[in-house]
Amino acid sequence: MQVDFYHLTVTPLDRALPQIAEKILSGGGRLLIVAESGAQRVALDQLLWAYSAESFLPHGEAGGEGDAQQPILIAADPLAANDARYIALVDGIWREEALSFERAFHFFDGDRIAEARGAWKALADRTGIERRYWKQNDNGRWEQAA
């Protein structure tokens, strides 16, 4: 199980998340995106439809009839009604349920750095978990820092 910590400093979530989602979908995977705030989930829904002029990322909000068919599902809770094996925690809040997925992406900004550090430390001694910390350089490119 791999947990990738993404410290958002230069590139905002609305540019970083679609790139990761595209990679997951191109490999045939499914993604669960988790955000506690209803307003953030609505914004994510709009983002995934319009982030690129050339394409969109097929998705839906949890609670609909077609949840099981959605390649990307946006939800308030880490319950993968779409059988996703990848989870993106986009509100800066770590959730232990993420460990039941193959890979977790934990996005956080400066306001949530203390919580992210706490999660990083808590996962240090857990068997079978590989942690990676990604930060952005001055050009906005992601670099693995740990």
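This is a predicted model: local features need pLDDT of at least 70, side-chain atom pairs count only at pLDDT 80 or more; totals for chains, interfaces and linings use all residues.
Helix 1 gives the largest share, with five residues. The pocket itself has a volume of about 340 Å³. Its lining is made up of Tyr6, Ala16, Gln19, Ile20, Lys23, Ile24, Tyr86, Arg103, Phe105, Trp134, Arg141 and Trp142.

Now for the chain as a whole. It holds three helices and eight strands, and walking along the sequence gives the pattern β-α-β-α-β-β-β-β-α-β-β. The C-alpha trace spans about 40 × 35 × 30 Å along its principal axes. A compact globule of 146 residues would have a radius of gyration near 15 Å, and the chain has 15 Å, so the two agree.

How are the strands arranged? The eight of them form an open sheet in the order 3-4-2-5-6-1-7-8, and the pairing is mixed. Strand 3 (60–61) and strand 8 (142–144) sit at the edges with a single partner strand each, so one side of each has no neighbour in the sheet. Helix 2 (residues 38–50) packs on the sheet, where it touches strand 2, strand 3 and strand 4, and its direction makes about 160° with that of strand 4.

Several of the pairings can be followed residue by residue. Strand 2 (residues 31–34) runs parallel to strand 4 (residues 72–75), and four bridges join them. In this pair, Leu32 stands opposite Leu73 of strand 4. Strand 2 is also joined by four bridges to strand 5 (residues 86–89), again in parallel. Here Leu31 faces Tyr86 of strand 5, and Tyr86 turns up in the lining of the largest pocket too. What happens on the way from strand 5 to strand 6? These two strands pair in the parallel sense over four bridges, with Ala104 in strand 6 as the bridge partner of Ile87.

Helix 3 (residues 113–123) lies across strand 1 (2–7), strand 6 (103–108) and strand 7 (130–136), and it runs at about 160° to strand 1.

Key: Residues are numbered from 1 along each chain as its sequence is written. Side-chain values use heavy atoms; hydrogens and water are left out. Two strands pair if DSSP finds at least two bridges between them. Contact means heavy atoms within 4.5 Å. Axes are lines fitted to C-alpha atoms, for helices over the stretch in contact, and angles run from 0 to 180 degrees between N-to-C directions. On a 1 Å grid over the protein atoms alone, a cavity is a set of points where a 1.4 Å probe fits but cannot get out, and a pocket is an open set with protein on both sides within 12 Å along at least five of seven lines; lining residues have an atom within 4 Å of a point. Grid points are joined across faces, edges and corners, and a volume is the space filled by probe spheres set on the points. The radius of gyration is taken over C-alpha atoms; the globule rule is 2.2 Å times the number of residues to the power 0.38.
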